[in-house]
Amino acid sequence: MEQSRIAVAGASGLIGGALVGSLTADGHRVVRLVRGTPRGPDEVRWDPEGGSVDAAGLAGCDAVVNLAGAGVGDRRWTPAYKERIRSSRVNGTAALAAAVASLADGERPRVFVNGSAIGYYGETGDREVDESAPAGEGFLPSVCREWEGAAAPAEEAGVRTVFTRTGLVVSRGGGAWGRLFPLFRAGLGGRLGDGRQYWSFVALHDVVAALRHLLETDGLSGPFNVTAPHPATNAEITRVMARVLRRPAVFAVPAPVLRTVLGEMSGDVLGSARVLPKRLLESGFRFAFPDIEGAVRAAL
């Protein structure tokens, strides 16, 4: 990919920060979307929950990447926080898509990569699902449907539009694994519930590589599952974490306790999602860390 100007929303997040680092290391110019007053030409003001963005700042960008959204696991799902999870994704995507569509021919980006999540599929149990599977039922699937649907103006304007349905990112820097690593290091890690639920994980390195692949490969559009090709059960992950970190993992947290502590969010921890990256593999992408042990070791 020749040197490009790429706008990134969510540049301060776990994935966004890693992507920005990768792009700038290769000489690309990154334009960050910020909520405050821009401090220079490489910042563009926006208000994702309010649904506004300075469209002029996106003019001439080769690509727009939207990774913004309130953290799903950051706090208990009160009605107010559930609305924030939804609005930060749906309103922000709608604003970006409308801004992209409003630009004149020649000023519009060639590609719009919009974040999504494997929460789209809901509970899948032992059943393997790929991008052809329908959306599931419940809060997260409904958010993901709206989130992806909000990008319609960009698609209708002829911009190649990609949705990255990302799994659980294995990283020490944040997300679910950012909380798991300290627990396991302290010898407090263990199985959650019965441990039979599938976690569709992906190494942070592979998330960034997949985003770069989707940005740079013409003709790719629509949903892509960004998950390692070998989902593992929570019990398997627990054993690997204990082995790699050389710590016991004898504690098991019963499902009723998780439901009491986490409330509705416990369904995301106890639920099973066995998601496969069929379209990503078919497009020629190869994972550096396809199994859980490799992903955990890469994070360390």
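How many disulfides does the structure hold? It holds zero disulfides, a disulfide being a pair of cysteine sulfur atoms within 2.5 Å.

A note before the close-ups: this is a predicted model, in which local features need pLDDT of at least 70, side-chain atom pairs count only at pLDDT 80 or more, and totals for chains, interfaces and linings use all residues. Residues are numbered from 1 along each chain as its sequence is written, and side-chain values use heavy atoms, with hydrogens and water left out.

**View 1. Two cysteines, Cys61 and Cys144, are buried.** Buried means under 20% relative accessible area, exposed over 50%, and partly exposed in between (1.4 Å probe, protein chains only). Cys61 has a relative accessible area of 2%, and Cys144 has 3%.

**View 2. Trp77 and Phe139 form an edge-to-face pair.** The structure holds four aromatic pairs; rings of Phe, Tyr and Trp (its six-membered ring) pair if their centres lie within 6.5 Å, with planes under 30 degrees apart counted as stacked, over 60 as edge-to-face and the rest as tilted. Here the ring centres are 5.2 Å apart and the planes stand at 65 degrees. Trp77 is buried at 9% relative accessibility, and Phe139 is buried at 17%.

**View 3. Tyr120 and Tyr121 make another edge-to-face pair.** Their centres are 5.2 Å apart, with 75 degrees between the planes. Both Tyr120 and Tyr121 are buried. Arg165 lies over the face of Tyr120, 3.6 Å from the ring centre.

**View 4. The charged end of Arg89 sits over the ring of Trp147.** The distance to the ring centre is 5.0 Å. A charge sits over a ring if NZ of Lys or CZ of Arg is within 6 Å of the ring centre and within 35 degrees of the ring normal.
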